[in-house]
Each structure stands twice: as structure tokens, then as C-alpha cells.
Amino acid sequence: MNWREPAIKFALQATNREVLREIQLIESLERAPPAKILELQQQRLERLLLHAWNNTDYYHDVLESCGAVRGGAVNLDRFEDIPFLTKDIIRTQGKRLWAQKMPDGRRVEVITSGGTTGVPIRFPQDNVHWALNMGTRIYQFGVLGKRLGDSEIKIWGNEGDLNKGTHGILKRVENYIYNRRYQGAWYLSEERIKEIIEEINVWRPKLLWCFRDGIDAVAKYINSHGIAMHRPAAIVLGGSTVYPFVVKTIEQAFRSPVLSAYGSREVGGVACECLARNGHHISSNLAVIETINADGQTVMEQEAELTITALANYAFPFIRYRLGDRGLLTKRQCTCGRTFPLLGSVSGRLVEAFVNSRGEQIDPLYFIMSFRMSWDAGTLRQYQVVQELDGSLTINLVPETGFNKTTVGLDYDDITRKIRSVMGENCVVRFDIVSEIPLSPSGKFPYIVRRQ
Ligand SMILES: [Zn+2]
């Protein structure tokens, strides 16, 4: 019997009631008419705007001048007139974005973002955001078949997170009760990969929650050694763009569905795929997600830049925040019957995308596919495409042991031709053979690097 579920609920009831309330709220809405979901989202948005107008210098000025809040009255019809929040604004406005006063009972903690998109930012986050985010995550994983207290392994690429999640007796007790284990994946030697495989097979977790590149490396090892694996109910990937070929590799290794969860440290886990895989269900209780075109207009049904408004963090309002990702919003409904709106795809994060001489953005998948044949043939271990400051491309290749630049099986002329057809005929393309490509400090494997 799963004794953990009642134990966790009891503990949450005593210490973090909002978590349970949020789970109930989301469950009550998951098949409701879309208008009902929108109503909750708009109520929360109104409250956030009013709080921001009342308590932050920056938003007082900005909301007043665009008309979204005037003299204390919120007008949601002017929401799309609110200027976007960018990392530059966060850096230049500093404390003018921090709330000077918080509603009763909200406690604040200062967070540093991972900095995968350049310079990390520091901002405060409050406990209600934390609780609503946690409730949403528990719900999202519940949809995938993991109940509270079912076992999970987090295969994590970020050393800081892992230390925070495992350090101290309280965390150890919490992890025991939640039935959760951690495996670090920022450095994966063959020994580490074998340890992770062994733990999955011995402990048999219901769910794996992973950084893309850690589990991808483990899956490749499993596939190349033909190891029989325990089959989790679901494998959730977060933190990076989830490419179809990565999903394929992991599904081959585990024969379990691989799902993408979308979110960030700033805004929380705002969308997650369900098993029907028609896109990411947006957690409208937690966020407003918009897509905007190059002119800053909101659009639907086309790939564009995402902006996110985080509805619960009153300590630092993220309103129409351009966090540097791209995606596609669709009016389609999911076949699973849940009515939360869909974020059809999250594609190339901006930092992982290239810009050609005409200023057009090129999806990283285009480049990555050029190396697929050698990858599948097992002659290539790693590859990375770097766009240098002068616009030229350096392609770093790590051949498998026993292979070299010639025998790795790449048609360099053909790849160069394909690259020039999108990047421009004068684009300089270099191929470098290197012995290793290190992971980034946040534990991600950078397939695509744009020097900036
Ligand atoms: Zn669905």
C-alpha cells in the first residue's frame, strides 16, 4: 500500500495548505469549459496587476501610463499594451521591480536563475508562488500516472539544485517520505552512467524526471550495450529544448513515453505534455503565455517568441516576460479531454538558434540533422555548432574511438552546401575535430552555441 500519499497530504495540510488547495482547484477545472479556466486566470491576473501597481515603482509607472491600471482600476483590455519585460529591464531597473510590501503571510526568498541564456539574474520569489507551482507539478505528474508518494528519480544536471535538494537531515526525511532520489548528471563518466542504470533497475521508479542531456547520455549507453531496463510509467524532460531524436533515443532505451515539461526558474513549471502528446497543456492557473511576432503583436498558430506572465509571484512580478524561448500556441484541443490550452511546441530557445546574414532565425534542428547519419552509425560521439561573432560557423566533432575526420563518414562538402543554403552563400564553415565538448556550467550539453 502507498502509505506515503496520506502522510504527504497530512504534512502538507499542516504546513503548506495552498499546495493541496491548488491541486484540488486544477483537478476541478481540468475538463471544465475553457471559459471557466480563463475566468480563474483573469481573476489572478487582475490581482497581480493591482498588486504590482500598488507595490513596485516600475510597474506603478508602466501600468499607469499604458492604461492597464489607472487610479487603482484594472483594465484587462489594455493588457497587450503593457511593455514586455526583458532581462535588460530587469538589470537596469533593479530594485524598482521588487515589491516593497507583500500581502500578509507571504514570505520571500531570493533566487538566482541558472544563466543558461547568458548572465544570471537575481530576483525574489514568494512562498505562495512556490506552493502553487508545487501543486501544479504534482498535478502534472499525476496526469502521467505518478501519484503522490510513488517513487521517482531526478537525474539532474545542476549541481547547485542537487545539493539544495539533498543536503541536511530534513531534506533526507522529505525525500524519503516523497520517495524521491537524486542522481547528478553534470559529469557522466562510464562509472556514473553504470551507477545510474543500476539504481533505476534496482529501485524501479515510477517516474524519471531528467535534464535532457544526462538521460540522453545514459540512454545511448543502454542502447549501445543492449541493457534491459526497468520501464517507468513516464520520463519527463525539462530544462532544454526537447528534440525528436533525443526522445527517440530515450524511448528506445526504456520503452516508456518521454514527455516534455516546459518552464523556467523565473516563472515555474508552466506547461507539460500529457500522454496523448498533442502539445504542452498550459497551467493557466499559474501563468499567461503569449506568442508575439517580430512586430510585438500577439499571434496564434505560428511559431513565435514566447512571453510569460507568472500569476503567483508577488515578490517580483514577471509580466509579459520575454525569457528567450520560442513556441507555438494553438486553439486545438487535446484528445485526452483536458481543456487546458495547448502550447503546441517549444522550439529552439533563442540562444540555441542562429541568425543568418539577412537576420532570419534558423532552427537548430536543421544543423543537427546534418550529423544524424554518422550519429546513428555510431561513428560520431558528440557534435556542436558554434556561431562565432563574425557570423562564421565552427563545427566541433568528437569521433568515436577508432574513427577520425575521414572515417567518421561525414560528407563535409554536402553539409557545407546545406548550411550555406540557409545561412548565406558566403558563410564560412569550419570543421574541427576535438577530443571532448564539455557540459555548460548548468549541466546542459550545448548542441548550439551562439557567441554574443
Ligand atoms: Zn492532453
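Reader: Where is Glu301 found?

Author: Glu301 is found in the loop between β13 (298-299) and β14 (304-310). Keep in mind that this is a predicted model.

Reader: Buried or exposed, that Glu301?

Author: Glu301 has 12 C-beta neighbours inside 10 Å, so it counts as exposed. The cut-off for exposed is 12 or fewer.

Reader: What about the phi of Glu301?

Author: The phi of Glu301 is positive, about 60°, although the residue is not a glycine. Most residues other than glycine have a negative phi.

Reader: And Asn179, what is its phi?

Author: Asn179 has a positive phi of about 65°, and it is not a glycine either. Asn179 sits in the loop between α8 (169-178) and β6 (180-184).

Reader: Is Asn179 buried or exposed?

Author: Asn179 counts as buried, because it has 20 C-beta neighbours inside 10 Å.

Reader: Changing topic to helices. How do α10 and α11 pack?

Author: Helix α10 (residues 212-225) packs against helix α11 (residues 244-254) at an angle of about 50°, and the axes are 8 Å apart. That angle makes α10 oblique to α11. The crossing of α10 and α11 is left-handed.

Reader: Which residues make the contact?

Author: On the α10 side they are Arg212, Ile215, Asp216, Ala219, Lys220, Ile222 and Asn223. On the α11 side they are Val246, Thr249, Ile250, Gln252 and Ala253.

Reader: How do the residues of that contact divide?

Author: The contact of α10 with α11 has six nonpolar, three polar and three charged residues.

Reader: What about α9 and α10?

Author: The axes of helix α9 (residues 190-203) and α10 come within 10 Å and cross at roughly 85°. The two helices are therefore roughly perpendicular to each other.

Reader: Which residues meet there, and what classes are they?

Author: From α9 there are Ile193, Ile196 and Ile197, which meet Ala217, Val218, Tyr221 and Ile222 in α10. By class, the contact of α9 with α10 has seven nonpolar, no polar and no charged residues.

Reader: On to the core. Which residues in the largest one touch the most other members?

Author: Ile235, Val236 and Ile308 do, out of the 92 residues in the largest nonpolar core. Helix α6 (residues 127-143) gives the most to this core, with seven residues.

Reader: What does Ile235 touch?

Author: Not counting residues up to four places away in sequence, Ile235 touches Leu208, Cys210, Ile215, Ile250, Phe254, Ser256 and Val258. Of these, Ile215 belongs to the α10 side of the contact with α11, and Ile250 to the α11 side.

Reader: What other core lies apart from the largest one?

Author: Another core, of 13 residues, lies apart from it, with Phe367, Leu380, Ile395 and Leu410 among them.

Reader: Next, Gly344. Where does it sit?

Author: Gly344 is in strand β16 (residues 342-347). Gly344 counts as buried because it has 20 C-beta neighbours inside 10 Å.

Reader: What is Gly344 in contact with?

Author: Leaving aside neighbours within four places in sequence, Gly344 is in contact with Gly279, Leu328, Leu329 and Thr330.

Reader: And how far apart are Gly344 and Gly72 in space?

Author: Gly344 and Gly72 are 36 Å apart, C-alpha to C-alpha, and 272 residues apart in sequence.

Reader: Last one, Ser421. Where is it, and is it buried or exposed?

Author: Ser421 is in helix α14 (residues 412-423). With 11 C-beta neighbours inside 10 Å, Ser421 counts as exposed.

Terms used
Residues numbered from 1 in each chain as written. Predicted model: local features only at pLDDT ≥ 70, side-chain atom pairs only at ≥ 80, totals over all residues. Axes fitted to C-alpha atoms, helices over the stretch in contact; angles between N-to-C directions. Helix = DSSP H or I, 4+ residues; strand = E, 2+ residues; numbered from the N terminus. Parallel < 35°, antiparallel > 145°, perpendicular 65-115°, else oblique. Left-handed = near helix turned anticlockwise from the far one by under 90°. Contact = placed C-beta atoms within 7 Å. Nonpolar A, V, L, I, M, F, W, Y, C, P; charged D, E, K, R; others polar. Core = buried A, V, L, I, M, F, W, Y, C linked by C-beta atoms within 7 Å.
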